[in-house]
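Please work through the following exercises with the sequence and the model side by side. Each task is followed by a solution that goes step by step.

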Amino acid sequence: MSPSSGSLLAEIQRDVLDESKSLASVLRKCIVLGGEANSAPLRTWATLELRGYGPDGELPDFRIIAASLHIDGVSGYNQISGQMISPRMLPEGIRDRIDETYELRAGVGEIEAMIQQAEGSHIHLGLPMGADIAALMNRSLGNGVQQITRVYRSISVTSLRGVLDHIRTRLTELVGELRALMPDDQDSPTEEQVGQALNVAVHGSPNAQVHLVTSQASGRGQSSVQQAEEPQTPPEPGFWTTNRRIGGFLVGLATVIGTVVAVIAYVKS
């Protein structure tokens, strides 16, 4: 017989296959499952996805997503909104620190909230010290006719959904591996079974097939062979295109040079 429908693993299975269920809720149950199985790796992984990855933590490749740079501003009587620019348009000393990718370190709950609160197909995230960057760019323009009011990143909601889908897929693979490793009459996985399942579903080496055999004599034998997903390569950076309406304005941006104030040293991507 299969594990009882009232077991924690069965609850996780139902929730992860239900697209309407919050991933944050499923991950919290994984922390509890890790406690039952005495699995520190499972608790650690689920907690990272819930709380987010710190600034110095190793980030999974799928959490590095495309993020184009944009400006808002004025040029004479024209209002400029959402004009895409290249990182090369940023002041010297900053352009090498910022590119067209974004490290999504937020926890799953925050990502879900970002999607729910999004207006349209993209969300806008300000750059660290963005006001100082805009001030430097305006200083180089040297006139009151052309002014930048905001510098920010634009991230597709589709990319955010893709990150959540990747996490849900990993959770589904984790449950599948545990089901394959556990005997029919076992409700809760052991520490060893959880470790083996994590190796396949979460920590698998890219392009490597992993064969794991359970040491339980009464187990089903060998776990399913999984090939770890290849790291997603961030899309090629978008190209800056000139808008006739603000041609002169953007030409001015291309000549940005000069002394960078000390506060720029704190700018991080």
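**Exercise 1.** How many bridges join β2 to β3, and in which sense do the two strands run?

Solution. The model is a predicted one, in which local features need pLDDT of at least 70, side-chain atom pairs count only at pLDDT 80 or more, and totals for chains, interfaces and linings use all residues. Residues are numbered from 1 along each chain as its sequence is written, and side-chain values use heavy atoms, with hydrogens and water left out.

Six bridges join β2 to β3, and the two strands run antiparallel; strands here are DSSP runs of E with at least two residues, helices are runs of H or I with at least four, and both are numbered from the N terminus. Two strands count as paired if DSSP finds at least two bridges between them. As a next step, locate Gly73, which stands opposite Ile80 in β3. Finally, follow the chain through the hairpin that β2 and β3 form, where two residues lie between the strands and Gly76 in the turn has a positive phi of about 65°.

**Exercise 2.** Describe how α1 packs against α2: at what angle, and how far apart are their axes?

Solution. Helix α1 (residues 8-17) and helix α2 (residues 23-36) pack at about 160° with their axes 10 Å apart, where axes are lines fitted to C-alpha atoms, for helices over the stretch in contact, and angles run from 0 to 180 degrees between N-to-C directions. The two helices are therefore roughly antiparallel to each other, a term used for angles over 145 degrees, while those under 35 count as roughly parallel, 65 to 115 as roughly perpendicular and the rest as oblique. The contact (heavy atoms within 4.5 Å) includes Leu8, Ile12 and Val16 of α1 and Val26, Cys30 and Leu33 of α2.

**Exercise 3.** At roughly what angle do the axes of α1 and α6 cross?

Solution. The axes cross at roughly 145° and come within 10 Å. Residues in this contact include Leu9 and Gln13 of α1, together with Leu171 and Val175 of α6.
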